[in-house]
Amino acid sequence: MSLFSVFLIGIGLSMDACAVSFAKGICLKKQVKTYALKLGLAFGFFQAMMPLIGWWVGTYFESFITAVDHWIAFFLLGFIGVNMIRESKEAASECDTSIESIPTKDIFLLAIATSIDALAVGISFAFLKVDILSAVCLIGVTTFFISAAAVFLGNKIGGKLGKYAEITGGVILILIGLKILIEHLFGL
């Protein structure tokens, strides 16, 4: 898998974190730079660690399912993508109240919650022979920048744009899964 494909996966995976960062940015009235950095670091770290953990687990199962690895990657990425699109329709990104700060515990829980899908992507990386260190670094850095920027954007423009980030991320993951399936089925 090319680094460009991994970069696109990183963008797709970061959309949950982007939507949460955007929503928090809407509500923040003080310390926007501080929380942009905190959220970016937390989301970036967990988005990098989860695929690494998934890859590690996936390497133990590789010999059992090598013949169907492309189907697994397709279904995992497709499932995550469809789930992100579905969640975007349920999520409300408007701020009901202004907040002065975001507790560290909340940042930690949000970072874990938004990166669970990256665990499944890591499992598919094990079957696709991805250079895992490059992949997790790229995903982590991509998520950091997108999340930090989303806090600023949310703070500046607000509104209901957060759901579109999740829809975009879901579509990207579905398309990458389809690309992997087509490449394996047709030897491209």
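The model is predicted, so local features need pLDDT of at least 70 and side-chain atom pairs count only at pLDDT 80 or more, while totals for chains, interfaces and linings use all residues. Residues are numbered from 1 along each chain as its sequence is written, and side-chain values use heavy atoms, with hydrogens and water left out.

**Overall fold**

- The chain has six helices and zero strands, where helices (H or I, at least four residues) and strands (E, at least two) are DSSP runs numbered from the N terminus.
- Along the sequence, that reads as α-α-α-α-α-α.
- Of the 188 residues, 46% count as buried; buried means under 20% relative accessible area, exposed means over 50%, and partly exposed is in between (1.4 Å probe, protein chains only).
- Take the contacts in the chain with a separation of 6 or more: 95% of them are between residues 24 or more positions apart. Contact here means heavy atoms within 4.5 Å.

**What the UniProt record says**

- The unreviewed UniProt entry lists "transmembrane region" for residues 6-27, 39-58, 64-86, 107-126, 132-152 and 164-182. Those positions use the numbering adopted here, feature names are shortened, and annotations may be inferred rather than shown by experiment.
- In the model, residues 107-126 are 100% helix and 0% strand, with end C-alpha atoms 29 Å apart.
- Residues 132-152 also come out as 100% helix and 0% strand, and their end C-alpha atoms lie 30 Å apart.

**Helix 1 against helix 4**

- The axes of helix 1 (residues 3-27) and helix 4 (residues 104-127) come within 10 Å and cross at roughly 175°. Axes are lines fitted to C-alpha atoms, for helices over the stretch in contact, and angles run from 0 to 180 degrees between N-to-C directions.
- That crossing angle makes helix 1 roughly antiparallel to helix 4 (under 35 degrees is roughly parallel, over 145 roughly antiparallel, 65 to 115 roughly perpendicular and the rest oblique).
- Helix 1 brings Ile 9, Leu 13, Asp 16, Ala 17, Val 20 and Lys 24 to the contact, and helix 4 brings Leu 110, Thr 114, Asp 117, Ala 118, Val 121 and Phe 125.
- By type, the residues of this contact are eight nonpolar, one polar and three charged. Ala, Val, Leu, Ile, Met, Phe, Trp, Tyr, Cys and Pro count as nonpolar, Asp, Glu, Lys and Arg as charged, and the others, Gly among them, as polar.

**Two serines in helix 1**

- Ser 5 sits in helix 1 and is buried at 5% relative accessibility. Neighbours within four places in sequence aside, Ser 5 is in contact with Ile 176 and Lys 179.
- Ser 21 is in helix 1 too, and is buried with a relative accessible area of 0%. Leaving out neighbours within four places in sequence, Ser 21 is in contact with Leu 39, Phe 43, Ser 147, Ala 150 and Val 151.

**From helix 1 into helix 2**

- Gln 31 lies in the loop between helix 1 and helix 2 (32-65). Its phi is near 55°, a positive value in a residue other than glycine, and Gln 31 is partly exposed at 44% relative accessibility.
- Ala 36 belongs to helix 2 and is buried at 2% relative accessibility.
- Ala 36 and Gly 25 are eleven residues apart in sequence, with 8.0 Å between their C-alpha atoms.
- Setting aside neighbours within four places in sequence, Ala 36 is in contact with Ala 148, Val 151 and Phe 152.
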